[in-house]
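Biologist: I'm new to this one. Could you walk me through how to read its inside?

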Amino acid sequence: MSEGDSPDGEDGASGASGTDTGGSAKWRCAWCDKPHERNDPPCDNCGHHKFEKAVVPVAPEDPDHEREPVWVCPECGRVHQKNSPPCSRCGNAELERTIPDEADYAEELSGTSYLDLLDARYVVGLAFALVAGTVLVLALLGVITLPGMDSVPGSASEYRGVDLGETEAAFVAEVNDRRAEAGLSEYERNGNVDDAARLYNQGWVSEVAGTGSIPSGERLGRALDGTCGEGVERITPFTESFDEGAAALDSPDALAGALADGYTAEAGGLSETDSDLVGLDVHAGADGNVYATVFVC
């Protein structure tokens, strides 16, 4: 028996006459899987000398081979693989049988891109994720502040019933009075220096409470926005505590005087410098202390 003969003799009649093939190949090359109508090696594609029976008959490479039909909605053009109306896109009750040709596939493939595969919902979701990620990175870098990120323990408005905004203004006036008495130049309060002092002071309060940290020099520099030129001359953070009924809690002026005492002691006196700008922040901590930071530049 030759290699080209079938053990059961099936290839003799059916292969020669082609009446049993039904337009499909029953043999394939064992090496390259090229379909053949007859068990007649060698393979005309790779030259291999052994064929195998195809488990599922495959269509020969015939230019006249007809593609599987599809069902097209005449209303919206949606293509369906089965005749199962209504149309899944527009609900039309009828579908038309169509045999696609090469031109249909060429047009479909040439006009398809990765963007076509993206559903509008996924595009919106992707855009939202990119924006959210960018905002989060900027917040972590300190460029912007998200809601909730600026929540500092305690109070920025009052300490044991004393208004802290008024206390800050009285503090600058008190320190300038003491400097004038000592023959020193007075400080001018500056908004950018105030912002930097507030950023530092609130970071300090948060760090003590375990909910944040003192900001980096880069963040402080952005707050100053060049106001202090080459840099801040002196940063003086200090804390004081007063019991209920203490004289320092009688008014903003009284609290400012007590804080001026604490500042002078912490700074080692009223220094004689060329600096003329001052910024400060006073904050009531959740621990019952009052925190103050003074920037001079």
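Predicted model: local features only at pLDDT ≥ 70, side-chain atom pairs only at ≥ 80, totals over all residues.

Biologist: How do I read a sheet, and in what order do the strands come here?

Modeller: Strands of a sheet pair through backbone hydrogen bonds, either parallel or antiparallel. Strands (E, at least two residues) and helices (H or I, at least four) are DSSP runs numbered from the N terminus, and two strands pair if DSSP finds at least two bridges between them. Here 4 strands make an open sheet with mixed pairing, ordered E9-E11-E12-E10. At the edges sit E9 (188-189) and E10 (234-240), each pairing on one side only. E11 and E12 run antiparallel to each other over 7 bridges; one of the bridge pairs joins His283 to Tyr291 in E12.

Biologist: And a nonpolar core? Which residues touch the most other members of the largest one?

Modeller: In soluble globular proteins, nonpolar side chains tend to be buried together. A nonpolar core is a set of buried Ala, Val, Leu, Ile, Met, Phe, Trp, Tyr and Cys residues joined through side-chain atoms within 4.5 Å; buried means under 20% relative accessible area, with a 1.4 Å probe and protein chains only. The largest core has 26 residues, and Tyr159, Phe171, Phe242, Tyr263 and Val294 touch the most other members. H4, H7 (252-267), E11 and E12 (290-296) each give two or more residues to this core, with H7 supplying the largest share, 6 residues. Apart from it lies another core of 11 residues, including Ala223 and Cys297.

Biologist: Is Ala197 buried or exposed?

Modeller: Ala197 counts as buried because its relative accessibility is 0%. This residue belongs to helix H5 (residues 191-209). Leaving aside residues up to four places away in sequence, Ala197 touches Gly279, Leu280, Asp281, Thr293 and Phe295, a contact being heavy atoms within 4.5 Å.

Biologist: Last one: which residues line the largest cavity?

Modeller: A cavity is a set of points on a 1 Å grid over the protein atoms alone where a 1.4 Å probe fits but cannot get out, and lining residues have an atom within 4 Å of a point. Phe171, Val172, Val175, Tyr187, Val278, Leu280 and Val294 line the largest cavity. H4 gives the most to that lining, with 3 residues.

Notes:
Residues numbered from 1 in each chain as written. Heavy atoms only, no water. 1 Å grid on protein atoms, 1.4 Å probe; cavity = no way out; pocket = protein on both sides within 12 Å on 5 of 7 lines; lining within 4 Å. Buried < 20%, exposed > 50% of the residue type's maximum accessible area, 1.4 Å probe, protein only.
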